[in-house]
Amino acid sequence: MDIGSVEKGAAAFAAASCVACHAVDDTTVRNGPPVGCTYERAVAGHPDFPYSATLADNRETRWTAESLDAFLSEPDAWSGGTAMAGAAVPDQQDRADIIAYLASLALARECSRR
Ligand code: HEC
């Protein structure tokens, strides 16, 4: 997988409307869970978000570059029936950039690895 650009990832995160549902801190719950500490955390790992049962079934998995790439390319294929079904990122470079951005968010703060 190509290494993404944090700067382009921040722009893609806004352009793809991720920001409409996801705050980039670790506390603000919108329609989706905040993603400021998602990178390297367990899937469905934010304590305050009511995840779908299908995503919660993947709690043994961590969000890495590989799992994020698979989820974002086709959320509903990775986790059938996920509440994020409509928000795929079809472009591989956009995904790599968004993943670099998510990693930078988690690196920038003290994140417990729940
Ligand atoms: C319409 C609202 C919406 C949009 C737009 C959206 N998401 Fe989501 N996202 C969700 C919801 C809801 C969940 C939880 C899904 C579930 O419980 O099945 C989620 C889950 C996630 C997760 C897993 C979080 C965790 O704690 O396990 C990541 C990562 C994520 N989204 C990234 C993105 C990115 C990147 C984009 C932009 C391309 C995006 N989302 C666009 C609503 C959205």
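Two remarks on how to read the model come before the details. Residues are numbered from 1 along each chain as its sequence is written. Because the model is predicted, local features need pLDDT of at least 70 and side-chain atom pairs count only at pLDDT 80 or more, while totals for chains, interfaces and linings use all residues.

Let me start with the ligand. The shell around the ligand holds 27 residues, and the closest are C18, C21, G32, S52 and A87, where a residue is near a molecule or strand if its C-beta atom, placed from the backbone, lies within 6 Å of it. Two elements give two or more residues to this shell, namely α2, residues 18–21, and α4, residues 65–73; the helices (H or I, at least four residues) and strands (E, at least two) are DSSP runs, numbered from the N terminus. With three residues, α2 gives the most to the shell. By class, the shell has 18 nonpolar residues, nine polar and no charged, where Ala, Val, Leu, Ile, Met, Phe, Trp, Tyr, Cys and Pro count as nonpolar, Asp, Glu, Lys and Arg as charged, and the others, Gly among them, as polar.

Staying with α4, which of its residues are buried? They are L68, F71 and L72, and the word buried means that 20 or more other C-beta atoms lie within 10 Å of the residue's own, whereas exposed means 12 or fewer and partly exposed means in between, with C-beta atoms placed from the backbone. Seen down the axis of α4, these buried residues fall within an arc of 90 degrees, so they line one face of the helix; the arc is that of the directions from the helix axis to the C-beta atoms. Among the elements covering the buried residues of α4 are α5, residues 75–78, and α6, residues 92–107.

In α1, the buried residues are G9, A12 and F13. They cover an arc of only 105 degrees around the axis, which puts them on the same side of α1. The face turned away from that buried side carries the exposed residues E7, A14 and A15, while the cover over the buried residues of α1 includes α2 and α6.

How do α1 and α6 cross? The axes of α1, residues 6–15, and α6 come within 7 Å and cross at roughly 100 degrees, with axes being lines fitted to C-alpha atoms, for helices over the stretch in contact, and angles running from 0 to 180 degrees between N-to-C directions. The two helices are therefore roughly perpendicular to each other, since angles of 65 to 115 degrees count as roughly perpendicular, under 35 as roughly parallel, over 145 as roughly antiparallel and the rest as oblique. On the α1 side, V6, K8, G9, A10, A12 and F13 meet D94, D97, I98, A100, Y101 and S104 of α6, and two residues are in contact if their C-beta atoms, placed from the backbone, lie within 7 Å. This contact has seven nonpolar, two polar and three charged residues. Just after α1, S17 takes a positive phi of about 65 degrees.

Finally, let us turn to the loop between α2 and α3, residues 53–56 being α3. E40 lies in this loop, and its phi is near 75 degrees, a positive value in a residue other than glycine. E40 counts as partly exposed because it has 16 C-beta neighbours inside 10 Å. The C-alpha atoms of E40 and R62 are separated by 5.6 Å, although these residues are 22 apart along the chain.

T27, found in the loop between α2 and α3, counts as exposed, with 10 C-beta neighbours inside 10 Å.
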